[in-house]
Amino acid sequence: MGDAGSGDAERLTYRLKRTAHCGMVSLDQEGSEIILNGWVARRRDHGGLIFVDLRDESGIIQIVFDPRISSEAHRTAEDLRPEFVIAVSGSVRKRPPGTENPSMPTGQVEVAASGIEVINPSLTPPFEVKQDVRADEKVRLRYRYIDLRREEIHECLKLRHRITKAIRDYLDGLGFTEIETPHLTKSTPEGARDFLVPSRIQPGRFYALPQSPQLFKQTLVISGFEKYYQIAKCFRDEDLRADRQPEFTQIDIEMAFVNEEDVIALVDGMLEVAFNVAGKTYPRPVVRMSYDEALENYGTDRPDTRFGCRMVSLDKCFEDTEFRIFQEALKRGGAIRGLKVEGGGRMTRSEFDSLNRVAQEMGAQGIVWFVKTSEGLNSPVAKFLSITEIKNLVERAGLEEGDSLIVIAGPRNMCDEVLLQLRAQTAQKLGLLREGDFSPVWILDFPLLEYDETERRYKTLHHPFTSPTDDSLRIIEENPLQARARAYDIVINGIEMGGGSIRIHKSEVQERMFRVLGITPAEYEAKFGFLLEALRYGAPPHGGIALGLDRLVMLVAGRETIRDTIAFPKTQSATCPLTGAPDEVDPAQLKELYIRTEFE
């Protein structure tokens with residue numbers, strides 16, 4: 001097969017059409033003539049011979065350009081640069097002894113090139129297409145089409161595809177129907193801000209992009225679709241973190257005639273399938289924990305249970321203390337909270353000092369630390385405590401020889417937030433986290449409501465369509481904060497994978513909930529009237545859950561940010577470096593929508 005050369009710049013077609021894929025070539029094809037298409041990953045000139053690593057979606061193979069086989073192909077190869085798109089014809093042969101590369105699936109073979117066609121040259125990329133690229137993330141996102149060529153990111157998206165397909169197959173096998181719900185809907189703000197879309201046809205009116213298909217999926221179940229699901233795109237105008245994006249994808253599920261156990265069993269089975277696709281094991285049975293237990297032992301309802309280091313309340317140990325820091329905290333209605341660190345006795349004084357600085361930066365006065373030794377309790381403040389206080393402290397925290405205890409005093413929420421941060425840092429320092437470990441936990445028995453001091457009203461911990469327990473139904477007006485919800489969250493390694501609940505299916509109960517939340521009849525009829533009406537037409541008991549697909553892929557892929565699991569993500573400032581969105585629009589477009597900006 002002859003050399004096609006670099007080709008005519010005016011010609012869009014190419015002659016050497018692929019007959020094989022780079023990553024699929026094997027010794028079984030030795031002696032065969034094949035044509036490969038792909039990108040130049042690397043070029044090495046060894047004097048007489050030129051070696052090119054050619055990459056396509058299936059993998060990489062080594063191409064050898066030998067002037068004795070084709071001087072024209074060799075001359076063309078001299079001008080090749082990274083990311084040139086080329087077509088190569090040649091013969092498959094076994095690599096010479098000692099040159100094999102066992103780290104590559106194609107490491108036993110190479111292709112001796114007889115022809116080459118440069119389909120399209122490339123500018124010099126702003127960073128190398130390799131595993132551990134050091135380019136700034138903004139640069140990588142600006143040139144996302146190059147970043148996506150890197151194997152680790154490319155494989156992340158392919159894993160996402162496999163997980164999504166496995167979830168669809170799992171739910172299809174259980175009789176679920178996938179139904180799309182609208183993206184242009186009504187604004188019903190209760191949590192994060194809505195993204196609003198102005199209507200040109202109805203001036204002054206706006207659609208909202210859905211934060212969740214919640215109302216639609218409940219309506220679908222009322223419509224007789226007893227098993228609904230959707231891989232749903234959702235939108236929230238909120239401040240971003242490593243595990244948040246303004247647009248994200250959730251696995252949305254709703255079922256009729258179910259209770260909490262039905263939903264939990266379904267999700268555990270689904271997650272087991274998703275983990276298996278990634279070559280990981282989803283631990284079964286999954287631990288269950290009440291909301292109160294999670295707050296007491298971990299200071300959060302999203303506990304990372306891969307390691308110990310539990311928190312403990314120490315108020316009763318110091319009820320009559322003379323130690324000023326603890327005394328003042330209790331007088332002000334605060335708390336004394338400790339973090340037990342198994343094996344923490346091996347931490348150095350400088351490491352405790354480092355944790356103290358972190359605590360102070362987060363608003364605490366500082367930490368007090370103790371180490372249990374064979375001789376007693378070692379601490380800079382031990383001399384200020386009574387023998388009884390030390391004895392009670394050791395017993396309450398369950399300290400064994402070699403353990404340490406980190407204590408903070410102050411407002412309860414602050415104590416928990418600080419200790420949660422110190423817990424994570426301590427686990428890193430002591431090597432308590434092992435890569436590839438997964439520890440799922442179901443959090444149950446949530447409070448139905450919480451009181452917002454700023455807005456001076458009650459708010460739901462999940463959403464206003466969550467059903468109270470039967471016992472709580474009788475007290476939601478008289479004692480709202482004692483009411484419990486039929487809600488459940490699945491948390492893995494400290495990351496909330498998803499949350500759901502059994503829903504309110506009676507209109508009169510739903511109206512009571514709205515009134516407890518301070519929503520007037522006029523307001524809830526305007527916002528949720530269609531749902532209330534639907535509930536009056538024979539709504540079945542129903543419940544469901546939504547899980548973050550982006551977070552799930554991030555977790556099983558071992559990535560640190562969901563941006564690695566999304567093809568074209570936004571930055572933490574909610575911008576797209578690739579396209580420049582969000583951007584200004586033509587004034588004529590605004591005029592059509594009857595919109596004038598404050599910046600004009």
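Q: In E10, which residue is the bridge partner of Ala-232?
A: Gln-250 is the partner of Ala-232 in this predicted model.

Q: What makes E9 and E10 paired strands?
A: Pairing takes at least two bridges between two strands. Nine bridges join E9 to E10 (residues 247–256). Therefore the two strands pair. They run antiparallel.

Q: How do you know that E6 and E9 pair?
A: The cut-off is at least two bridges. Strand E6 (residues 177–178) has two bridges to E9, so the pair counts. These strands run parallel. Thr-177 stands opposite Tyr-228 in E9.

Q: Why is strand E9 called mostly covered?
A: A residue is buried when its relative accessible area is under 20%. In E9 (residues 227–235), seven of the nine residues are buried, so the strand is mostly covered.

Q: Why is helix H15 called largely enclosed by the rest of the structure?
A: Eight of its nine residues (549–557) are buried, so the rest of the structure largely encloses H15. Among the buried residues are Leu-549, Asp-550, Arg-551 and Leu-552. Just after the helix, Gly-558 takes a positive phi of about 75°.

Q: Which residues have the most contacts inside the largest nonpolar core?
A: They are Ile-253 and Leu-552, in a core of 41 residues. Helix H6 (residues 260–277) gives the most to this core, with eight residues. Apart from this core lies another, of 31 residues, including Val-441 and Leu-517.

Q: What is Leu-552 in contact with, leaving aside neighbours within four places in sequence?
A: Its partners include Ile-163, Ile-251, Phe-275 and Met-497. Contact requires heavy atoms within 4.5 Å, so each of these residues meets that cut-off with Leu-552.

Key: Residues are numbered from 1 along each chain as its sequence is written. This is a predicted model: local features need pLDDT of at least 70, side-chain atom pairs count only at pLDDT 80 or more; totals for chains, interfaces and linings use all residues. Side-chain values use heavy atoms; hydrogens and water are left out. Buried means under 20% relative accessible area, exposed over 50%, partly exposed in between (1.4 Å probe, protein chains only). Helices (H or I, at least four residues) and strands (E, at least two) are DSSP runs, numbered from the N terminus. A nonpolar core is a set of buried Ala, Val, Leu, Ile, Met, Phe, Trp, Tyr and Cys residues joined through side-chain atoms within 4.5 Å.
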